Each structure stands twice: as structure tokens, then as C-alpha cells.
Amino acid sequence: MGHPKINSMHLDILKEIGNIGAAHAATALSDLLKKKIEMRVPKVEMITFNEMMDLAGGPEKVVVGIFLRIEGDLEGSMFFILPIEQANRFIQHLIQDDQFDFRSNGSFIGMSAMQEMGNILSGSYLSALSDFLQLKMYPTVPGLSIDMFGAIISIGLIEISQVSDYVIVINTSISEEGLENTEMKGHFLLLPDPESFNVIFKALGVE
Amino acid sequence: MFASKEGKVVKVGIAQMDVVKSPDTIRTSGLGSCVGVVLYDETKKVAGLVHIMLPDSSLSRSETINCAKFADTGIQGLLEMLLVEGAQKYRLKAKIAGGAQMFQFASDKNMMRIGPRNVEAVKKVLKELGIPLIAEDTGGNSGRTIEFDPDTSKLMIRTVNKGVSEI
């Protein structure tokens, strides 16, 4: 049980998955905001739960988090994590309200805009993935939480923690053009359940 | 949180546990559905903290078990560590925090209710071991960072929206 052995070809496949999914999501975000969005080369890492908690600025860093579960042929958890400042910029721009702030219990319209943004982005990520792999995926309606990163991400570790003490995460970061070198980075994190890795590799004819 | 103390702060990660003696304090960050369980001996001023993720080790489908991950094995393991440090079992008391539901889903999947299930499991194990639960801050839908001071037996709890409180 636990995670399968991962070789360099597997690693390339997982990177490509992050690439395809996040590229579509970044394009969707760019269309939505009418802004240029830059995307990094995906990182695929096998890390401990505590390394996972440190990923986006540490367990106590307050972030805006979108989370959904994927069911179907491929199962796992998916997160879209944004620093508060970046989420504020996006939503202020989207709803044309420069007073909007997630820190002061953002307005209903801003919150539902964020929820909808999560819907659109995760939808484009997963449908691109589903087309590429020819696998059925049924995402749950995304949930939204503004809280400590550790508290948000740990829900994605629950399923995995029953079989392993490690997590394989496909991490693609995006940023607004001109803000690439700042801490204003968003993260698409895909955490396939351990049993789903072989499903992915098989779908592409690699054992 | 306890800024003016001379002791150090021992940090406990997810699915980990540790023990401290006064003047040191012990803390864990970013509890969501996980539960932080503190066991302490007021006389010896020694305390332990375990950051558990799952209610029961029977959920494990792996060959090796990290006992700090589960309520049953985690609390038992912490108890043994405390006895080695000179704590007396009959004097041990507990304070717990966490077990939130970070996302609301219309799914009936058990995983989504993991926070409340963790809290129930912790209480059951404490009862079986005869360790009284003195205070708790559990449930809700906020993440928590907690820190325990064995000198005062106070557990500080910080959340994003409600600031710092003490139990």
C-alpha cells in the first residue's frame, strides 16, 4: 500500500498534468480579469505532511483557499490558494469595488465572486485534465475558506494519511504580470489519492 | 503568545507529539479538522501535546503506523512519554482544541465530518484512560493555533477572526 514507486518518466507525466491543467485555468483567469497571468513550470514533489504545511508561507499564513474533492476514475483533492492581497486585487478588479477586503469579512458579492472564480478555474483545470487523460472526473462544488493555510490544506491530507505519511503534490504557481517576483503568487495544488497514480500512468500507457 | 517568558517554545507539527517542562511552552499551528490534545501534570509542571489527524488507528491501511497520527495510539503514546518525564497518571488532566469543519459540503462522505469525529474519538480515549477533560475549544469552522504553558496550565488559542483566547 501507500504511494507507488515514481520514476523520472512518471515525474514528467505528473508535471505535464500540472502544465495542462494550470495553463487552461490561467487562461480562464486571464479572460475573466482581462489581465495577463504568468504561469511557472509545475513542481512535482513527494513531501512529508509537515513540509506540505510549510508550502505556501507556513501553517499560520492567512490565505484565501478554494477546495474541492475529485471523484470518478481519478480521485483526489484540489486547492487554489491565493495570498489575501492578491485575492483582494482580483476581486476588487472583478466587482469594481476597491474597498473590498477579505480581511474585514468581505461583502457577499465579493465572496460569491471568489466562489465563482474558484468554480471557473477548477473547472477549466479539471476538464483539460479529463480530456487529456480520457478519464472521468466528478468534482464537488468548490468550498471557500479564508483562514490559516495549515488548517485549509490539512483536509486534503486526511484521505492520504490513511495509507501514507507522504504526499505527492502537483504544484503550479501563477502570478499577475509585473508581480512575478513578489510574494503575490497563487498556487494550484493537485493531490491525487495514492491509488490514483497508477490510474493516471495507465491512462497514458505507462506502467 | 507568551512573549515575556524565558523558556523556549517547542513546536509540534501535524501528526507529531512532544513533551515540555516549565518554563518551556509547547505549541502547534494551523489546526483545522485535526485536534490538539494537551495532557499535563500540574504538580510536576510537565505537559505533552499531540496533533492528531484521524480518529482511530484501525483506519490505517499502511504497514507501519505513525502513532501520533491517530487519537487512540497518539494519546496512549503521549501518556507513556509523560510517565517517562516523571508525570503521575492519576494527576494527569487534559485540554483539547481543534476539530473544525473548514469547508461545508453537501457530501455525506465521512471524510468531510472528520473534525467532529476526531473530537468524539479523543473524548472517548480520554474517558477510557480516566484522564479528566478540563477544558475544550472544539468544532466551528475556524483554524486554530494553540500554545500550552505547563507553569500556569493555561491553553492559549488563536484564530483568524476571534483573536486570542485562553482556556
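Let's start with helix α4 of chain A, which runs over residues 108–133. This helix has 26 residues and reaches 37 Å from its first C-alpha to its last, close to the 38 Å expected at 1.5 Å a residue. Just after α4(A) comes Gln134(A), with a positive phi of about 55 degrees. Keep in mind as you look around that this is a predicted model.

Helix α3 of chain A covers residues 84–95. With 12 residues, α3(A) spans 16 Å between its first and last C-alpha, close to the 16 Å expected. Its buried residues are Ile84(A), Gln86(A), Ala87(A), Asn88(A), Phe90(A) and Ile91(A). Just after this helix, Gln96(A) takes a positive phi of about 55 degrees.

Side chains of opposite charge can pair when their charged atoms come close. Here is a pair to find in chain A: the side chains of Arg89(A) and Glu176(A) meet in a salt bridge, 2.8 Å from N to O. Arg89(A) lies in helix α3 and Glu176(A) in strand β7 (residues 166–176), so this pair ties together parts of chain A that are 87 residues apart in sequence.

Are the two partners buried or exposed? Arg89(A) counts as partly exposed because its relative accessibility is 34%. Glu176(A), in turn, is buried, with a relative accessible area of 5%.

## Where the two chains meet

Now turn to the contact between the chains, which takes 33 residues from chain A and 35 residues from chain B. The area buried between chain A and chain B is about 2,900 Å², and carbon and sulfur atoms give 60% of it. On the side of chain A, Glu60(A), Ile158(A) and Gln162(A) lose the most area to chain B, together 20% of what that side buries.

What else joins the two chains? Across the interface there are three salt bridges, and 10 residue pairs are in polar contact. Several elements of chain A each supply at least two residues to the side that touches chain B, among them α2 (49–53), β3 (62–72) and α6 (155–161). By class, that side of chain A has 15 nonpolar, 11 polar and seven charged residues.

Glu60(A) forms a salt bridge with Arg27(B), whose closest N and O atoms are 3.1 Å apart. A polar contact of 2.6 Å also joins the side chains of Glu60(A) and Arg158(B). Arg158(B) sits in strand β9 (residues 154–159) of chain B and counts as partly exposed, at 26% relative accessibility.

Within chain B, the side chains of Glu147(B) and Arg27(B) meet in a salt bridge of 3.7 Å, N to O. This pair links distant parts of the chain, with Glu147(B) in strand β8 (residues 144–149) and Arg27(B) in strand β3 (residues 25–31), 120 residues apart. Both Glu147(B) and Arg27(B) are buried. Salt bridges that share partners join Glu60(A), Arg27(B), Glu147(B) and Arg158(B) into one network.

Another salt bridge brings together the side chains of Lys123(B) and Glu136(B), at 3.0 Å from N to O. Lys123(B) belongs to helix α2 of chain B and Glu136(B) to strand β7, 13 residues apart. Lys123(B) is partly exposed, at 33% relative accessibility, and Glu136(B) is partly exposed, with a relative accessible area of 33%.

Gly130(B) lies in the loop between α2 (114–129) and β7 (133–138) of chain B. Gly130(B) is exposed, because its relative accessible area is 55%.

Notes
Residues numbered from 1 in each chain as written. Chains lettered and ligands numbered in written order. Predicted model: local features only at pLDDT ≥ 70, side-chain atom pairs only at ≥ 80, totals over all residues. Heavy atoms only, no water. Helix = DSSP H or I, 4+ residues; strand = E, 2+ residues; numbered from the N terminus. Expected span 1.5 Å × (residues − 1). Buried < 20%, exposed > 50% of the residue type's maximum accessible area, 1.4 Å probe, protein only. Polar contact = N/O pair within 3.5 Å; in protein donor to acceptor, adjacent residues only side chain to side chain. Contact = heavy atoms within 4.5 Å. Buried area = accessible area lost by both parts, 1.4 Å probe. Salt bridge = Lys/Arg side-chain N within 4 Å of Asp/Glu carboxyl O. Nonpolar A, V, L, I, M, F, W, Y, C, P; charged D, E, K, R; others polar.
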